[in-house]
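Me: I have a new structure open and would like to go through it piece by piece. Can you take my questions as they come?

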Amino acid sequence: MMQDYEVVVGIEVHVELATESKVFCGCRTAFGAEPNTQTCPVCLGMPGALPVLNRRALEYAIRTALALNCSIADRTKFDRKNYFYPDLPKGYQISQYDLPIGSNGYIYVDVEGEAKRIRIKRVHLEEETAKLMHAGDDIISATHSLLDFNRAGIPLVEIVSEADMRSADEARAYLSKLRSILLAMGVSDCKMEEGSMRCEANISVMPRGSKEFGTLVELKNIASFRAVHRAIQYEAARQIEVVSSGGAVARETRHWDDARGETAFMRGKEEAHDYRYFPDPDLGPIVIEKPWVDRIGDEMPELPDAKGERYMREWDLPKYDASQIADSRDLSEFFEKTCAIVGDGREVAKWILGEVLASLNATGIELSESKLTPELLAELIELVQTGKISGKIAKSVFEEVFNEGKRPGDIVRNRGLLQISDVGELVSIVEKVIDANPGPVADYHAGKTRALGFLVGQVMKETRGRANPQETNRILKEELDRRA
Ligand SMILES: [Zn+2]
């Protein structure tokens with residue numbers, strides 16, 4: 001049944017811009033300050049207070065739009081979006097209606113190894129609302145509500161995609177790519193758990209092969225990447241169930257309940273808002289000068305896609321590895337710093353995508369929270385490259401370096417893990433092993449080459465893994481042949 005239908009998803013993302021001050025006043029924007037300490041008459045919506053546009057916020061919005069390959073408007077303006085809600089003291093939100101800063105963009109998203117183009121309809125700048133907190137377990141049983149205006153007036157960009165996604169996987173991949181682009185641009189910290197990145201999804205279903213989209217349902221209250229995936233899957237299945245049993249999907253807004261793992265009716269179409277947009281008379285029209293846009297474009301940090309291509313060129317990394325590193329700001333910074341010391345990108349990438357990622361997943365921390373530094377990883381790699389320790393030993397000391405920040409050289413010396421490459425020392429160990437294992441030696445001489453592996457293993461056991469494997473192999477063969 002599921003396979004007879006196609007899911008159509010469009011996504012709207014709100015991202016708080018990481019400017020020092022708010023979009024229309026000089027108040028600070030730091031997260032976590034005491035409630036209502038970062039406010040003034042403008043962001044509190046006092047009558048007569050006049051907004052003044054923060055040029056940096058406009059610059060960040062333009063940078064965002066450019067990074068998403070949008071065309072930048074040469075003229076724009078701000079509009080009042082009128083609605084009543086306690087988090088909005090003026091009775092309207094300053095937003096952009098018919099002249100968004102950016103439009104007709106796109107990004108490429110990895111879908112099962114293929115780059116799929118997802119179109120961006122528009123990018124516009126608006127102000128954040130106040131934060132409303134309900135005292136009590138939920139909105140129904142709350143006895144009163146509290147308002148924190150520190151958040152009100154933080155610059156917000158809204159990024160609206162076209163309905164180009166066809167599954168929950170694609171939606172998650174889109175969000176993840178979007179996030180990596182915004183992080184690379186330095187325009188937002190994109191923390192879904194702190195609310196600086198939020199998303200809403202529009203979902204409909206249609207019979208496979210159809211060109212006509214089904215009735216669209218809007219999903220709200222999606223607070224994590226995992227929730228996006230679950231919510232879309234749930235909602236798509238619900239709609240398919242309705243349609244395939246002869247019913248009709250209602251045009252409505254639904255609320256994702258993460259604890260229950262289901263969507264619930266929130267409001268219907270008849271309650272849809274008429275925001276009565278009109279140009280804000282307090283803020284004049286804005287001319288965005290081309291030379292300024294060009295300069296913002298020239299000074300823009302490198303985009304993840306370009307960075308991945310550069311890694312493929314410079315270090316000959318496979319495409320998948322390159323983009324895995326390039327899509328993460330933390331990993332790519334770490335990668336480049338480590339490469340600058342050891343000059344072997346393939347080896348560094350192997351460590352980052354292997355041991356480093358595994359340890360991050362196991363501990364659930366960010367790379368910046370670990371004790372590992374590019375210098376320490378570089379030292380570890382150099383110990384292997386100079387033959388002082390084997391790759392296996394390197395992996396065995398990695399955890400200690402990662403968790404405790406100890407220098408690999410010190411660990412190796414203190415634990416006596418230095419590789420034995422000295423021929424004289426290896427020869428005497430090999431002789432001892434040969435004398436102690438007449439059976440396998442006879443097997444080897446009888447043509448059973450597999451016995452060699454056993455003998456190498458015995459040498460490793462004798463040296464606690466410290467024997468240089470290539471040398472051991474060579475010497476062992478030589479000694480055996482000599483005795484044949
Ligand atoms: Zn203010």
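**Loops, packed helices and overall shape**

Reply: Let me start with a loop: Glu112 sits between strand E6 (102–111) and strand E7 (114–127). Keep in mind that this is a predicted model.

Me: What is the phi of Glu112?

Reply: Glu112 has a positive phi of about 45 degrees, and it is not a glycine. Most residues other than glycine have a negative phi.

Me: And is Glu112 buried or exposed?

Reply: Glu112 counts as exposed, because it has 8 C-beta neighbours inside 10 Å. The cut-off for exposed is 12 or fewer.

Me: What about Asp316, what is its phi?

Reply: Asp316 is not a glycine either, and its phi is positive, about 60 degrees.

Me: Where is Asp316?

Reply: Asp316 is in the loop between helix H5 (304–315) and helix H6 (319–326). Asp316 has 11 C-beta neighbours inside 10 Å, so it counts as exposed.

Me: Staying with H5, how do H5 and helix H8 cross?

Reply: The axes of H5 and helix H8 (residues 345–363) cross at roughly 130 degrees and come within 9 Å. H5 and H8 are therefore oblique to each other.

Me: Which residues make that contact?

Reply: From H5 they are Tyr311, Glu314 and Trp315, and from H8 they are Gly345, Arg346 and Ala349. By class, the contact of H5 with H8 has 3 nonpolar, 1 polar and 2 charged residues.

Me: OK, new pair. At what angle do H1 and H2 pack?

Reply: Helix H1 (residues 55–67) and helix H2 (residues 168–185) pack at about 135 degrees, and their axes are 10 Å apart. That makes H1 and H2 oblique to each other.

Me: Is the crossing of H1 and H2 left-handed or right-handed?

Reply: H1 and H2 have a right-handed crossing. On the H1 side the contact uses Arg63, Thr64 and Ala67, and on the H2 side Ile181, Leu182 and Met185. Of the residues in the contact of H1 with H2, 4 are nonpolar, 1 is polar and 1 is charged.

Me: Which residues is Glu20 in contact with?

Reply: Apart from neighbours within four places in sequence, Glu20 is in contact with Arg28 and Thr29. There is also a distance to note: the C-alpha atoms of Glu20 and Ala30 are separated by 7.6 Å, and the two residues are 10 residues apart along the chain.

Me: Now the other end of the numbering. How do H12 and H14 pack?

Reply: Helix H12 (residues 423–436) and helix H14 (residues 450–462) pack with their axes 10 Å apart, at an angle of about 120 degrees. The pair is therefore oblique. H12 passes H14 in a right-handed crossing.

Me: Which residues of H12 and H14 meet?

Reply: Ile429, Val430 and Val433 are the ones in H12, and they meet Leu455, Gln458, Val459 and Glu462 in H14. The contact of H12 with H14 has 5 nonpolar residues, 1 polar and 1 charged.

Me: How far apart are Gly416 and Val433?

Reply: C-alpha to C-alpha, Gly416 and Val433 are 21 Å apart in space, and they are 17 residues apart in sequence.

Me: Let me zoom out. How many helices and strands are there?

Reply: The protein chain has 15 helices and 16 strands. Its radius of gyration is 30 Å, well over the 23 Å that the globule rule gives for 484 residues, so the chain is more spread out than a compact globule.

Me: What does the C-alpha trace span along its principal axes?

Reply: The C-alpha trace spans about 100 × 55 × 50 Å along those axes.

Me: How much of the chain counts as buried?

Reply: Of the 484 residues, 35% count as buried.

Me: Last one: what share of the contacts comes from residues 24 or more positions apart?

Reply: Among contacts with a separation of 6 or more, residues 24 or more positions apart account for 69%.

Key. Residues are numbered from 1 along each chain as its sequence is written. This is a predicted model: local features need pLDDT of at least 70, side-chain atom pairs count only at pLDDT 80 or more; totals for chains, interfaces and linings use all residues. Axes are lines fitted to C-alpha atoms, for helices over the stretch in contact, and angles run from 0 to 180 degrees between N-to-C directions. Helices (H or I, at least four residues) and strands (E, at least two) are DSSP runs, numbered from the N terminus. Angles under 35 degrees count as roughly parallel, over 145 as roughly antiparallel, 65 to 115 as roughly perpendicular and the rest as oblique. A crossing is left-handed if the near helix is turned anticlockwise from the far one by less than a right angle, and right-handed if clockwise. Two residues are in contact if their C-beta atoms, placed from the backbone, lie within 7 Å. Ala, Val, Leu, Ile, Met, Phe, Trp, Tyr, Cys and Pro count as nonpolar, Asp, Glu, Lys and Arg as charged, and the others, Gly among them, as polar. The radius of gyration is taken over C-alpha atoms; the globule rule is 2.2 Å times the number of residues to the power 0.38. A residue is buried if 20 or more other C-beta atoms lie within 10 Å of its own, exposed if 12 or fewer, and partly exposed in between; C-beta atoms are placed from the backbone.
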